Amino acid sequence: MKQKTVIGNWKNYLNGVETIKLSKQIVGEKISDYIRLMISPCNLYLNEVNEIMKESSVEVIGQNITSYDSSSDTGGVTAIGLNDIGVNRSIIGHSEVRKRNKGFKSEDILKEIMPAQFKFILCFENTQQIPFNILNNDFEMILAYEPVWAIGTGETASIEHINEIHGSVKSELSKLNLDIPVLYGGSVNPNNSKEILSQELVDGVLVGGASTKYEDLHKIINSI
Ligand code: PGA
């Protein structure tokens, strides 16, 4: 079986004490070669979590980027700022971000960070949100299909639906000779992770709520 990526998106669910506790539990995990684990804590604790994970195989990533370089954006997050603390990858275009920023266009931020080869996981709810024309194989990019109705609702997309969407995205990518993994996100939990992760067309999962509970995350990363 090929290696699958599991991303824990902790959103703003955990306070500082909980974040550090969970990070220390995870850093002690023995992770199989079939799983690559990334953790995306709330920005406030990014630096501390990155320090904890430093000697492990767990990659710590950002939840959002608003510009590449410094800007006059109150509350924004820059890619160079993340780079400064040793974080070289971020989620981009999560539906919770798109909801806050109605004018969000992934092309705008991708055009800023791609020349610097800042790695990203671009979330999409529909294929129109994927700027296929600007993607390339120059460095690692990841796509994540996240149907908005499945996020935080406990309602997971069916395997047929996931395969249909992933199949159509992958066929578009292959027409363009793009080798970009496609993850699924939306109410992934220990009961459905094995089946979802076993799908040939699924390169990994983006997990929100369940990733904030150690037992659940432990089960998910051990489900294949
Ligand atoms: P959920 O969140 O697993 O809580 O549905 C997924 C996500 O927002 O990435």
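1. Where is the place of Lys11? Lys11 sits in the loop between strand S1 (4–9) and H1. Helices (H or I, at least four residues) and strands (E, at least two) are DSSP runs, numbered from the N terminus. Lys11 is buried, with a relative accessible area of 11%. Here, buried means under 20% relative accessible area, exposed means over 50%, and partly exposed is in between (1.4 Å probe, protein chains only). Lys11 and Ser211 are 200 residues apart in sequence, and their C-alpha atoms are 10.0 Å apart in space.

2. A word on what you are looking at. This is a predicted model, in which local features need pLDDT of at least 70 and side-chain atom pairs count only at pLDDT 80 or more, while totals for chains, interfaces and linings use all residues. Residues are numbered from 1 along each chain as its sequence is written, and side-chain values use heavy atoms, with hydrogens and water left out.

3. Now have a look at the ligand. There are 13 residues around the ligand, and Lys11, His94, Glu146, Gly152 and Ser187 come nearest. A residue is near a molecule or strand if one of its heavy atoms lies within 4 Å of it. By class, this shell has four nonpolar, seven polar and two charged residues. For the classes, Ala, Val, Leu, Ile, Met, Phe, Trp, Tyr, Cys and Pro count as nonpolar, Asp, Glu, Lys and Arg as charged, and the others, Gly among them, as polar.

4. His94 has a polar side-chain atom 2.6 Å from an oxygen atom of the ligand. For Glu146, a polar side-chain atom lies 2.8 Å from a ligand oxygen atom. Gly152 takes part through its backbone: an N or O atom there lies 2.6 Å from an oxygen atom of the ligand. The protein covers 97% of the 280 Å² of accessible area that the ligand has on its own. Accessible areas come from the Shrake-Rupley method with a 1.4 Å probe; for residues, only the protein chains shown count as cover.

5. Ser187, also listed among the residues that come nearest to the ligand, deserves a look of its own. Its place is in the loop between strand S7 (182–185) and helix H7 (193–198). Ser187 is buried, with a relative accessible area of 15%. Its phi is near 55 degrees, a positive value in a residue other than glycine. Most residues other than glycine have a negative phi.

6. Which other residue has a phi near 55 degrees? Gln117 does, and again the value is positive in a residue other than glycine. You will find Gln117 in the loop between helix H5 (106–113) and strand S5 (119–124). At 42% relative accessibility, Gln117 counts as partly exposed.

7. H1 (residues 16–27) has twelve residues and reaches 16 Å from its first C-alpha to its last, close to the 16 Å expected at 1.5 Å a residue. The expected span is 1.5 Å times one less than the number of residues. Its buried residues are Gly16, Thr19, Ile20, Leu22, Ser23 and Ile26. Seen down the axis of H1, these buried residues fall within an arc of 165 degrees, so they line one face of the helix. The arc is that of the directions from the helix axis to the C-beta atoms. On the other side of H1, Val17, Lys21 and Lys24 are exposed.

8. Ser23 lies in helix H1 and is buried, with a relative accessible area of 0%. A polar atom of the Ser23 side chain lies 2.7 Å from the backbone oxygen of Thr19.

9. Gln128 is in the loop between S5 and strand S6 (141–145), and is exposed, with a relative accessible area of 69%. Trp149 is in the loop between S6 and helix H6 (159–175), and at 39% relative accessibility counts as partly exposed. The C-alpha atoms of Trp149 and Glu125, 24 residues apart along the chain, are separated by 9.4 Å.

Technical notes. A polar contact is a pair of N or O atoms within 3.5 Å; within protein, one must be able to donate a hydrogen and the other to accept it, and residues adjacent in sequence count only if both atoms are side-chain atoms.
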